[in-house]
Amino acid sequence: MDVHNPGTGEIVGTVPNETSAAVAATVQELRLYQPEWEAIGPKGRKAWLLEFQDWLIDNTERLASVVQSETAKPWAEALIDPGFATDLIGYYARGAAEFLAEEHPSPHSPLARVKRLTTVYRPYPVVGVITPWNFPLAMPVMDVFPALAAGAAVVLKPSEVTPLSAVELAKGWAAIGAPPVFSAVTGTGATGAAVVDNADFVQFTGSTATGRKIATACAERMVPYSLELGGKDPAIVLADADLDRAAHGIAFGGMFNSGQVCISVERVYVEAAVYDEFVTKLTANVEALRQGIDRHDSRFDIGALANENQAALVQRHVDEAVAAGATVLTGGGRAAFGTAFEPTVLVDVDHTMSCVTEETFGPTLPVMKVADEAEAIRLANDSVYGLSASVWTDDKARGARIARQLDVGAVNINDVFANLFSYALPMGGWGLSGVGARWGGANGVRKYCRQQAITTPLVPPRPKELFWYPYSMSKLLVMLGIMRAAGARGLRRLNVSALLKLGGGTK
Ligand code: NAD
């Protein structure tokens, strides 16, 4: 399969379209090496992960070039992928030993105190990671390296639109001489489906439509999955907000990576008192963006869209809105090169329009006037999605209160994307935006593990336990009496006569 630069149309690489049989063979091989990877423990794995982090740093410029070649991002944005990867790998390489430490929970009752209780985190042998095209290097890293830190082997299936960066990651892992527990397989959706057919846990990032297919396939095999899907993130601008910061933040939140970010701002609600002033400032910021194709000279803020389908989708949302009465304040059409679309601000829009209700995943910011906070919250929650949101206000308590009324997996107050750079927090979507979450400190590695419960005797062995055969009603009543005394309340705790009646005189 040829890989194109969407800004110029040139072919920048070729990868195989791997068959189901090839994927099955890759997973089979990963299974062979995984037990040893698990056995070296989090400290042994940390050494390899930090070695790989060094490799990422040493190869940053080359990797950013590969990212840029298959996305047509501005150089400033292409550099973010390897930088983000370096940061994330460091966190999970260093944190995994603590996150995966065995736990010894306190027994819940006196009867259980005869055992030492242990919870062990044992990885799923092979985790399948399937990724989209918007961040070809950072997106795989987000899930591949927490899974490796957990002790799983990983098979990665990157998007067919941008597979080159993922292939580089797998080559880098081999180049440092790390154990062969990470492979990338390239191909279309059918290759992804083969990953789902063979992995023991599936971590998927992509559209809601594909996520639904994957959930169905996983249910058939009874394998667990985690889905990071689409979004339609609202921004709420309140009358007491710092309007300059809000207008800069929302311009960035809507246009970063040409709007191809799952948590990009996709709709804006502004309190009536500041609507005109905010729209003027936002439009000026969006108009000022420099759009074009740079190489390593960093001359532009915004590049192209990933492919023609994406450009056609954005155009449809704008055209449908305009046909229904919307006004374009800036942008509104294709830019002069490749698949690029102009950064666009739309007003006179409402919840009957696709640009407000469907995921656009492009550089559009539809802005709506609302009477007050209550209307903003109601409209923000009027969506099938629930990925994240932002609230702009000078009153921190008000922001915190509103955050707790929004039906989304993350809320940034006076900011965008901040949760994405905080791996100690979970990143997950509600509603059609996902099932499960990535990261969240310890949960980011524990999600790739099965929990194993182990009991070990604390008292010297006896020939047999109270409840073993042959049954004895008197011994059973002693046990039930202790359970009631420990767990019930009031007089019921000690109501021995009621308990004895249950014995019915049987020995
Ligand atoms: P997509 O669903 O079309 O494809 C994603 C991946 O799934 C690709 O690798 C594709 O080959 C593979 N795939 C397709 N059919 C498959 C099948 N039947 N079984 C297994 N794999 C299959 O998504 P896309 O167009 O590449 O990416 C854009 C979408 O990703 C947007 O909806 C965006 O919101 C979402 N996204 C979500 C997050 C998040 O964290 N929530 C992050 C980035 C992107």
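I started with Glu 373 and found it buried, at a relative accessible area of 16%. I'm working from a predicted model here.

Next I looked for its partner. Glu 373 makes a salt bridge with Arg 401, with 2.8 Å between the closest N and O atoms. Glu 373 sits in helix 14 (residues 373-380) and Arg 401 in helix 15, so this pair ties together parts 28 residues apart in sequence. I checked Arg 401 too: its relative accessible area is 42%, so I put it down as partly exposed.

Then I moved to Arg 398, which bridges to Asp 240 with the closest N and O atoms 3.3 Å apart. Arg 398 comes out at 15% relative accessibility; the cut-off for buried is under 20%, so Arg 398 counts as buried. Asp 240 has 26%, so it goes in my notes as partly exposed.

I asked myself which residues are linked in the network of salt bridges. I got Asp 240, Glu 271, Glu 373, Arg 398 and Arg 401.

I also looked up Lys 232 and Glu 266, whose side chains form a salt bridge at 2.8 Å, N to O. Lys 232 is in the loop between strand 8 (225-228) and strand 9 (233-237), and Glu 266 is in strand 10 (residues 265-271), 34 residues apart. I have both down as buried.

For the whole structure, my search turned up 22 salt bridges.

Last, domains: I noted domain 1 (27-106 + 114-229 + 441-451), domain 2 (233-420) and domain 3 (463-503). The C-alpha centres of domain 2 and domain 3 are 64 Å apart.

Technical notes:
Residues numbered from 1 in each chain as written. Predicted model: local features only at pLDDT ≥ 70, side-chain atom pairs only at ≥ 80, totals over all residues. Heavy atoms only, no water. Domains from an automatic or database assignment. Salt bridge = Lys/Arg side-chain N within 4 Å of Asp/Glu carboxyl O. Helix = DSSP H or I, 4+ residues; strand = E, 2+ residues; numbered from the N terminus. Buried < 20%, exposed > 50% of the residue type's maximum accessible area, 1.4 Å probe, protein only.
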